[in-house]
Amino acid sequence: MMTPARIVLGDWTTLQKDAQAVRYSVFVIEQHIPVELEWDVMDAQCLHAVAYDEQNQAIGTGRLLPDGHIGRMAVLESARNSGVGAQILRILMEQAKLRGDTGVRLNAQQTAENFYVKEGFSRDGEVFMEAGIPHVSMSHPL
């Protein structure tokens with residue numbers, strides 16, 4: 001386990017450059033998701049979290065939508081399995097709880113399902129395809 005990352009919360013205007021860089025690297029380059037599917041109008045309405053390493057480089061990101069969905073969770077390959085993803089997820093869940101949400105939901109890539117189960121999420125239904133990748137719907141009461 002590395003040193004906990006520094007997590008910054010903010011709006012899209014403030015965090016777009018760093019969040020976009022992480023998401024582009026993970027989703028567009030690594031996972032071959034078409035770039036036009038990665039950016040959406042919801043970014044401007046979300047609370048964003050960006051994780052930074054000791055060199056102040058963005059290494060992870062996620063967003064909390066107004067309806068309680070957590071999405072666009074991404075951690076650079078070099079920082080995976082370090083606890084950064086869990087840090088981002090927990091902070092977004094804490095923010096949802098602080099604003100009065102009674103639960104959070106997300107669509108997890110099937111390969112990440114165990115990560116979310118370890119964080120207390122439960123699967124809600126069958127596998128479905130999103131952007132050409134198998135996903136599962138998951139939820140967590142707050």
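This briefing walks through a pocket and the salt bridges of the structure above. The model is predicted, so local features need pLDDT of at least 70 and side-chain atom pairs count only at pLDDT 80 or more, while totals for chains, interfaces and linings use all residues. Residues are numbered from 1 along each chain as its sequence is written, and side-chain values use heavy atoms, with hydrogens and water left out.

**The largest pocket**
- A pocket here is an open set of points on a 1 Å grid over the protein atoms alone, where a 1.4 Å probe fits, with protein on both sides within 12 Å along at least five of seven lines; lining residues have an atom within 4 Å of a point.
- The largest one is lined by 38 residues, and M73, A74, Q109, A112 and Y116 sit nearest its centre.

**Salt bridges**
- A salt bridge is a side-chain nitrogen of Lys or Arg within 4 Å of a carboxyl oxygen of Asp or Glu, and that rule gives a count of twelve.
- K17 and D18 pair up at 3.9 Å, N to O.
- K17 is exposed at 68% relative accessible area, whereas D18 is partly exposed at 21% (buried is under 20%, exposed over 50%, partly exposed in between, with a 1.4 Å probe and protein chains only).
- D40 meets R72, with the closest N and O atoms 3.1 Å apart.
- R90 bridges to E119, where the closest N and O atoms are 2.8 Å apart.
- E119 counts as buried, at 16% relative accessibility.
- Shared partners tie R23, E38, D40, D43, R63 and R72 into one salt-bridge network.
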